[in-house]
Amino acid sequence: MSLRESTFMGFANPVDPRPEELQSWAYHPESVPLDSMPPDWDLLIAGDVLGPTLFELAMDRQCPARRFALHCMHIYAADGVRQNASSQRKRRLKKYVERAEEVGDEPMQIWAHNCRVLMTRPELFDYEEWIEGGLVRHPRRLGLFHRR
């Protein structure tokens, strides 16, 4: 039985979910609605531990929680371009961007493009767009010389 076929039984610790729990939830997001999760759950989970899982979920066109995973990848990317971001985070982000450019569909290619813009011009970071979900709600390619 695959994760997609199994039923999600809940998080042992929603503040620090295991990758397999997050993946199982993503295919059954109605089992634990987002509004019942801890405040700023997206910010809590959009780190290096769950980054690979979130990226795979965002790449999966069939994932019911894909938009949420894509939102978390925007947070991951914004954190990865900070001046004091770890070199590991920057390397991982670059690999995700390259993979999304190579094999991603349109939403992931737009994400990759926007990440490249942000990597080139970190001063174009906009909290509402990257952290609060603006680029997921209103997907578009950012320009290097225009804020919106």
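Colleague: Is leucine 43 buried, exposed or partly exposed?
Modeller: Leucine 43 counts as partly exposed, because its relative accessibility is 36%. Buried means under 20% relative accessible area, exposed over 50%, and partly exposed in between (1.4 Å probe, protein chains only). This is a predicted model, where local features need pLDDT of at least 70 and side-chain atom pairs count only at pLDDT 80 or more, while totals for chains, interfaces and linings use all residues. Residues are numbered from 1 along each chain as its sequence is written, and side-chain values use heavy atoms, with hydrogens and water left out.

Colleague: Which helix is leucine 43 in?
Modeller: Leucine 43 sits in α2. Helices are DSSP runs (H or I, at least four residues), numbered from the N terminus.

Colleague: And which residues make the nonpolar surface patch?
Modeller: Leu43, Phe125 and Tyr127 make a nonpolar patch of about 260 Å². Patch residues have over 30% relative accessible area and no salt bridge, with nonpolar side chains (Val, Leu, Ile, Met, Phe, Trp, Tyr) joined within 5 Å. A salt bridge is a Lys or Arg side-chain nitrogen within 4 Å of an Asp or Glu carboxyl oxygen. Areas are Shrake-Rupley values with a 1.4 Å probe, and for residues only the protein chains shown count as cover.

Colleague: Now the inside. How many residues are in the largest nonpolar core?
Modeller: That core has 45 residues, and Trp25, Trp111 and Trp130 have the most contacts inside it. The largest share, nine residues, comes from α4. A nonpolar core is a set of buried Ala, Val, Leu, Ile, Met, Phe, Trp, Tyr and Cys residues joined through side-chain atoms within 4.5 Å.

Colleague: What does tryptophan 111 touch?
Modeller: Leaving out residues up to four places away in sequence, its contacts (heavy atoms within 4.5 Å) include Phe55, Leu70, Met73, His74 and Tyr96.

Colleague: Back to α1. Which of its residues are buried?
Modeller: Glu21, Leu22, Ser24, Trp25 and Ala26 are buried there. The buried residues of α1 pack against α2, α3 and α4.

Colleague: What about threonine 53, buried or exposed?
Modeller: Buried, because its relative accessibility is 14%. Threonine 53 is in α3 and touches Pro19, Leu22 and Gln23, not counting residues up to four places away in sequence.

Colleague: Last one: how far apart are isoleucine 110 and arginine 140?
Modeller: They are 6.7 Å apart, C-alpha to C-alpha, and 30 residues apart in sequence. Isoleucine 110 lies in α6 and touches Arg140 and Arg141, not counting residues up to four places away in sequence.

Terms used: Helices (H or I, at least four residues) and strands (E, at least two) are DSSP runs, numbered from the N terminus. Patches are made of residues with over 30% relative accessible area and no salt bridge: like charges are joined within 9 Å, nonpolar side chains (Val, Leu, Ile, Met, Phe, Trp, Tyr) within 5 Å.
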